[in-house]
Amino acid sequence: MAATDITEEAFNLRLGYLKPETVEIARVELRETEEVKAEAIIKLRELLKATPELNYKDDDAFLTVFLRCCHFYPEGALEKMKTTASFRKEYASLIRGLLVEQVKEKFVKGSVINVLKNCDQKGRRVLIVNCGKLWDPSEISSDDMFRMLYMVHLAAQLEEETQVRGVVCIMDFEGLAMKQVKALSPSFSKRLLTFIQEAMPLRMKEVHFVKQPFIFNMVWSLFKPFVKEKLNKRMHFHGSDMKSLQKFLDPSILPANYKGALPAIDYGGVEWFPALEKQAQYVADWSQLGPAQW
């Protein structure tokens, strides 16, 4: 990967463009052409207008976020808008009115939520959730963790490259102990998986579980009941076998933490937060969207 690409990707949101090869991916995988897109936007706008229980913006860019994750089927996009609104209403105490500044302290303090500063070999953003020793639940609660995840997904929506190519998540359980297991409660597990599967208008392409010790079985027993078939097929368990992980994520794009060719991760929320701050207004707008009646 050229240095210019990494510079562009590192601690910046890639705004306002699609690479030519991404346009082709969108055509092949999502049925996206100018004609299909234009018709789908018009139809989704009509459907949204006829659904008074929903409150969303209806500009082209906003509607396209939902259409891309639903292969430009307007009815499917409306359904995603409904399930997103239902989720936001159910967990309003956590995410209604959520602003960038409200997560700043926890985001910059720890490395619980991180994003690789380079994309993977398929141009996808790679989110890292450190659920093991790097996470102290007494300082950053599971609710805090979820708010940060929610914030990152809002920012990711703004990248058209990410809308098309999707995202990859590495769940790193190195050093997992009972204090983290207790924080990963059944209610947190249900909330997280409902969000990923029903209320996140992005394409979750792969979820990789790495460095999970035996105690992880207790965590997985909580998660498993909420995992639907589609997501289950995209989940991969690697333990300490980084060769297994590298069947999906090329060693050239992985840091030394995962036996990759890049230097070990020495960055985190401090470096990424300015990119979030620049989108404070977008996040503020989103904080009140979803259900028309809370």
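I began with charges over rings, where a charge counts if NZ of Lys or CZ of Arg is within 6 Å of the ring centre and within 35 degrees of the ring normal, and I found the charged end of Arg31 over the ring of Tyr73, 3.9 Å from its centre. I also noted Arg191, which lies over the face of Phe146 at 5.3 Å from the ring centre.

Before going on, I wrote down that this is a predicted model, in which local features need pLDDT of at least 70 and side-chain atom pairs count only at pLDDT 80 or more, while totals for chains, interfaces and linings use all residues. I number residues from 1 along each chain as its sequence is written, and side-chain values use heavy atoms, with hydrogens and water left out.

**Sheet**

I looked up the strands next, taking helices (H or I, at least four residues) and strands (E, at least two) as DSSP runs numbered from the N terminus, and counting two strands as paired if DSSP finds at least two bridges between them. Five strands form an open sheet with mixed pairing, in the order β2-β3-β4-β5-β6. I noted that β2 (113-115) and β6 (235-239) stand at the edges with a single partner strand each, so one side of each lacks a neighbour in the sheet.

I then followed β4 (residues 167-172), which runs parallel to β3 (residues 125-130) and is joined to it by six bridges. Arg125 has Val167 as its bridge partner in β4, and Leu127 has Cys169. With β5 (residues 204-210), β4 again pairs in the parallel sense over six bridges, and here Val167 stands opposite Met204.

Is β4 enclosed or open? Using buried for under 20% relative accessible area, exposed for over 50% and partly exposed for in between (1.4 Å probe, protein chains only), I found that six of the six residues of β4 are buried, so the strand is largely enclosed by the rest of the structure. Val167, Cys169 and Met171 point one way from β4, and Val168, Ile170 and Asp172 point the other way.

**Aromatic rings**

I counted rings of Phe, Tyr and Trp (its six-membered ring) as a pair if their centres lie within 6.5 Å, with planes under 30 degrees apart called stacked, over 60 edge-to-face and the rest tilted; the structure holds 23 aromatic pairs. One of them is Tyr56 with Trp286, whose centres are 6.0 Å apart and whose planes are at 75°, so the pair is edge-to-face. Tyr56 is in the loop between β1 (54-55) and α4 (60-69), and Trp286 is in α16 (residues 280-286), 230 residues apart; both are buried.

I also looked up Phe209 and Trp220, which are edge-to-face because their centres are 5.8 Å apart and their planes at 70°. Phe209 lies in β5 and Trp220 in α12 (residues 216-223), so the pair ties together parts eleven residues apart in sequence. Phe209 is buried at 2% relative accessible area, and Trp220 counts as buried at 16%.

Lastly, I recorded one aromatic cluster, formed by Phe87, Tyr91, Phe146, Tyr150 and Phe195.
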